[in-house]
Structure formats: structure tokens, C-alpha cells
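Okay, thanks for making time, everyone. Let me put the model up and walk you through how the chain is put together.

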Amino acid sequence: MKYPTSETTKQELSAALKTLMSQKPLEKISIREITDLCGLRRETFYYHFADIYDLVKWMFEEEAIVLLRQHEGVQLWQEGLLQLFHYIQDNRAFCLCALRSIGHSHLRKFFQADIYGLVQRTVEQLSREMGCPADELVTQFYVIALVGTVESWLLGELDRTPEELIAFADVMLKDHIRGAALRIQGKSALL
């Protein structure tokens, strides 16, 4: 008899939860429903996850966050965000259900740390190119703005394509850093 690997089991539980989340809110889903759907015992679920929210966290880390981590090069930050938008689009029912069930602050935490890395590298690179110091506050500002933009887009509050949103963020970030460089150059010219 061949036993499924731990990773395979987690994937099966994840797929079952996604199926159920497309049908009803997270808080109405039981562990028994998840395990029944994939033909596993309840104990198997608890071997891998503490509760349903732990499974949701694992799903985001395995699926969405991995997309961001694949795009660590400064030049590809837009591509990393575009992949995140596409992931959300492809898994919209799951993401909306998670957002409504676990709340905005918890979902924001899933994305914020990894978007932070992309934005920080971009701010540092652009700052070097334009001859001004990278500012941590600029990085934090754009991370919050981008996470909020992704969340608003998911909720249907922004009627723009992911490409339009990313192009807008790119222009804003570059203009901001260009302005900072010009301000610094102007101050040094006055000295």
C-alpha cells in the first residue's frame, strides 16, 4: 500500500477547502467536510494543521506568496505583482471568502511582508540610480498603498486592469523618487 506524501495530503486538503469556500463562507465550513471531500480522516487534518485558518494561511503562503518570491529581481517587481493579481483573479472566490472570513488585517499580513521585499529593492535601486538616499518611509508608504490597491481590486472597488494599476504604481513610485532626487540636488545647489 502506498501512502500519500505530506505535501500531497496538504494539497488535497487545500483543494477541498477551496471547493467548499466557493460554495459558502469559511466560518460555515467544518473540518469534517474538508476531510470527507478528499477521503481523509479528521486526524490527518490535525496532523498537518491546527485549524482551518492554519490551512488558509498555508494556502496563501504556498500559492500566492511563492509567486512574489519568484520575482526578487528589482527589474521584475511589476511582473511579480502582476502574477499576484492573476493568482487572485484565478482564485477570486477563495480570496474573497478568505478576506471576508479572516478579515482585512490578517489577509494584509499575508501579502505585506513579501510585497515589502519587492518594493524595498525597487526603492533602493531607483534611489541609487537617481542619486538620493533610499527612505524606509517611502518603502512603507508604497507597500501599504499596493496592498490596499490589491485588496480594493479584489473587492471590486477599482475598475481597472491589473496592468493599469501596476503601471500607475510604477509611475507614482518613480516620480516620487525623482522628486526626492531633485529636492536633494536643489538643496545642495543652495549650499
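So, let's start with contacts, meaning heavy atoms within 4.5 Å. Of the contacts in the chain with a separation of 6 or more, 68% are between residues 24 or more positions apart.

Quick housekeeping: this is a predicted model, where local features need pLDDT of at least 70, side-chain atom pairs count only at pLDDT 80 or more, and totals for chains, interfaces and linings use all residues. Numbering runs from 1 along each chain as its sequence is written, and side-chain values use heavy atoms, with hydrogens and water left out.

On to the fold. You're looking at nine helices and zero strands; those are DSSP runs numbered from the N terminus, H or I of at least four residues for helices and E of at least two for strands.

How much of the chain is buried? Of the 191 residues, 43% are, where buried is under 20% relative accessible area with a 1.4 Å probe, protein chains only.

Now the inside. In soluble globular proteins, nonpolar side chains tend to be buried together. Here the largest nonpolar core has 55 residues, and Leu 17, Leu 26, Ile 34, Ile 52, Leu 55 and Ile 115 have the most contacts inside it. By nonpolar core I mean buried Ala, Val, Leu, Ile, Met, Phe, Trp, Tyr and Cys residues joined through side-chain atoms within 4.5 Å. Helix H8 (136-154) is one of the elements giving two or more residues to this core, and H8 gives the most, with eight.

Have a look at Ile 52. Apart from neighbours within four places in sequence, its contacts include Leu 17, Leu 26, Ile 34 and Phe 45.

Last, pockets. A pocket is an open set of points on a 1 Å grid over the protein atoms alone, where a 1.4 Å probe fits, with protein on both sides within 12 Å along at least five of seven lines; lining residues have an atom within 4 Å of a point. The largest pocket holds about 200 Å³, volume being the space filled by probe spheres set on the points, which are joined across faces, edges and corners. Its lining includes Phe 141, Tyr 142, Phe 168 and Met 172, and H8 gives the most to that lining, with five residues.

The second largest pocket has about 150 Å³ of space. Among the residues lining that one are Cys 132, Asp 135, His 176 and Arg 183. Which helix gives the most to this lining? That's H9, with five residues.

Methods: Buried means under 20% relative accessible area, exposed over 50%, partly exposed in between (1.4 Å probe, protein chains only).
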